[in-house]
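Me: I would like to go through this structure with you, one topic at a time. Please keep the answers plain.

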Amino acid sequence: MGTVEINDLTKIYSGGGGGIVAVKDLDITIQDGEFLVLVGPSGCGKSTTLRCIAGLEEVTHGTIELDGVDVTHKRPVERGVAMVFQNYALYPHMSVRKNMSFGLKMTTDLSKAERHEKAEWAAELLGISELLDSQPKELSGGQQQRVALGRALVRDPEIFLMDEPLSNLDAKLRAEMRTELQELQQDLGVTTIYVTHDQTEAMTMGDRIAVLDGGQLQQIGTPLKLYHKPQNQFVAGFIGSPSMNFLHVTARDGVLEHDHFSYEIPELVERDVEPGQDLVLGIRPEDIELASDGDDNSIPTTVSVVEPMGELSYVYIDIGDQTYTASVSGELVFDPGKPLDVLFPPERVHLFDPETGDAIKNRVVSEEVEAQQRSI
Ligand code: ADP
C-alpha cells in the first residue's frame with residue numbers, strides 16, 4: 001500500500017525578513033498506485049514538498065501520513081520511500097551492479113547474493129542487464145538514469161519520489177524515458193510523486209496533476225480536467241502548449257469590447273457576465289479559427305511571424321501592440337505583415353476575473369469528455 005496524505009503542509013526556510021515561505025497550507029491526498037505530478041514554475045515549492053515527504057526537510061507546520069501513519073517526524077529510512085534525483089549521483093568507481101545494491105548493504109541485512117539478485121532483477125526490468133559490470137563513465141545519460149532508477153527500485157519502496165529525473169536527457173531520449181517510466185510505474189503499481197516544471201511531462205505522465213504557484217496549490221485534477229476546466233488564469237496559462245492567449249475586454253451592450261475589436265457576447269456566456277464588468281478573455285491557440293468573408297464576430301489581426309511545425313504552423317498574430325498565437329493547419333501559407341481575420345468560437349472561450357484570476361466561465365466540452373471527467 002502507498003497512500004500519501006499531506007495535511008496543511010507549510011515549510012518556511014530561514015532567511016529574508018520573515019523567512020522564505022516555500023510551501024503554504026498544502027493539502028493533497030495521493031491514492032495507492034497513483035502517478036501524481038507536481039508541476040509549476042521554478043521556485044514554486046515542488047522540490048520542497050517532495051523533500052518534506054521524503055523526510056529530507058523538517059516541516060514548519062502540518063503533517064504527512066503514509067498509509068495512515070503519521071511520519072512527519074520520522075527519519076527518511078523509516079518511511080518506505082525511494083527518491084530519484086535529477087543528477088543521478090552514481091558512485092563513479094563502482095560497477096552498475098554495486099551502484100544498485102550498495103544502498104541495500106547500508107540499510108538492510110540482506111546477504112550479498114540477495115542484494116545482487118535484486119540488482120539483477122531491477123537491471124532486467126530496466127533493460128540494462130548487459131551493463132551490470134560496466135562503470136558509470138562507460139554509460140550514456142539514459143543508461144545512467146536507468147541505473148539511478150534501479151537503485152530506487154531495489155529498495156521495494158511503497159512510494160517513489162522523483163525530482164525532475166529526466167531533465168538532463170536530450171529531447172528524444174526524454175520522450176522515450178517518459179513512456180518507459182510510465183510503463184514501469186503501471187507494471188509495478190507503486191505510488192509515484194513526480195516533480196517537473198515541464199507541462200508536457202505533466203500532461204503525458206500524470207494520472208492527476210497538482211499545479212503549484214508561490215508555494216500554494218492552484219488546482220489538482222486529471223490532465224484533461226486542468227486543460228478544459230482551469231480554476232484560474234494561472235492554471236489556464238500553465239497547462240497547454242503553446243499557452244492560452246489572454247485579452248483584456250469589458251462587457252458592454254451585448255459585446256465584449258476590446259481596444260481593437262468588439263466581440264458579440266454569445267448566448268453561452270451572456271448569463272455569466274455583467275454590464276461594465278472587466279474581464280480577461282482566454283482562448284487557446286488551437287481553438288482560434290480562420291474567418292471567411294461575411295463571418296460574424298471576426299477579429300482583424302496582422303500576421304507577425306509564422307513558425308512551421310510540420311503538421312501545424314504557429315502563426316503569431318498582432319492585435320494592436322499585443323502578439324497572440326494561433327495554431328493552424330501546416331498546409332496553409334501565411335505572409336508576415338498581411339491582415340488575417342480570425343474567429344474565437346464561442347464554445348471555446350474562457351473568461352477570468354482580472355483581479356482574482358478566478359475562472360468565471362470555462363469552455364464547453366463534449367458530453368463524452370464531461371462524463372469521463374465526472375467518472376474520475
Ligand atoms: P521548485 O522545486 O518548485 O523549483 P523549491 O521547492 O526548490 O522550488 O523552492 C521553493 C522556494 O524555497 C524558492 O523560493 C527557493 O529559493 C526556496 N528554497 C528552497 N530551498 C531552500 C533552502 N535550503 N534555504 C532557503 N530557501 C530555499
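**Working notes on the model**

Reply: Ser140 lies in the loop between helix 3 (112-126) and helix 4 (141-153). Helices here are DSSP runs of H or I with at least four residues, strands are runs of E with at least two, and both are numbered from the N terminus.

Me: Before we go on, what kind of model is this?
Reply: This is a predicted model, in which local features need pLDDT of at least 70 and side-chain atom pairs count only at pLDDT 80 or more, while totals for chains, interfaces and linings use all residues. Residues are numbered from 1 along each chain as its sequence is written, and side-chain values use heavy atoms, with hydrogens and water left out.

Me: Back to Ser140: how accessible is it?
Reply: Ser140 is partly exposed, at 37% relative accessibility. Buried means under 20% relative accessible area, exposed means over 50%, and partly exposed is in between, with a 1.4 Å probe and protein chains only.

Me: And how far is Ser140 from Leu169?
Reply: The C-alpha atoms of Ser140 and Leu169 are 9.6 Å apart in space, and the two residues are 29 apart in sequence.

Me: Changing topic, which residues surround the ligand?
Reply: The ligand is surrounded by Tyr13, Ile20, Ala22, Pro41, Ser42, Gly43, Cys44, Gly45, Lys46, Ser47 and Thr48.

Me: What are the distances to the ligand oxygen atoms for Gly43, Gly45 and Thr48?
Reply: A polar backbone atom of Gly43 is 2.7 Å from an oxygen atom of the ligand. For Gly45, a backbone N or O atom lies 3.0 Å from a ligand oxygen atom. Thr48 uses its side chain, where an N or O atom is 2.5 Å from an oxygen atom of the ligand.

Me: How much of the ligand does the protein cover?
Reply: On its own the ligand has 560 Å² of accessible area, and the protein covers 61% of this. Such areas come from the Shrake-Rupley method with a 1.4 Å probe.

Me: Next, the open sheet. What is its strand order?
Reply: Six strands form the open sheet, in the order 13-12-11-14-20-21, and the pairing is antiparallel. Two strands pair if DSSP finds at least two bridges between them.

Me: Why is one side of strand 13 and of strand 21 without a neighbour?
Reply: Strand 13 (262-264) and strand 21 (359-361) stand at the edges and each has a single partner strand, so one side of each has no neighbour in the sheet.

Me: How many bridges join strand 11 to strand 12?
Reply: Three bridges join strand 11 (residues 245-252) to strand 12 (residues 255-257), and the two run antiparallel. Thr250 stands opposite Glu257 in strand 12.

Me: Where is Asp25, and what is its phi?
Reply: Asp25 is in strand 2 (residues 20-30). Its phi is positive, about 45°, although Asp25 is not a glycine. Asp25 is partly exposed, with a relative accessible area of 40%.

Technical notes. A residue is near a molecule or strand if one of its heavy atoms lies within 4 Å of it. A polar contact is a pair of N or O atoms within 3.5 Å; within protein, one must be able to donate a hydrogen and the other to accept it, and residues adjacent in sequence count only if both atoms are side-chain atoms.
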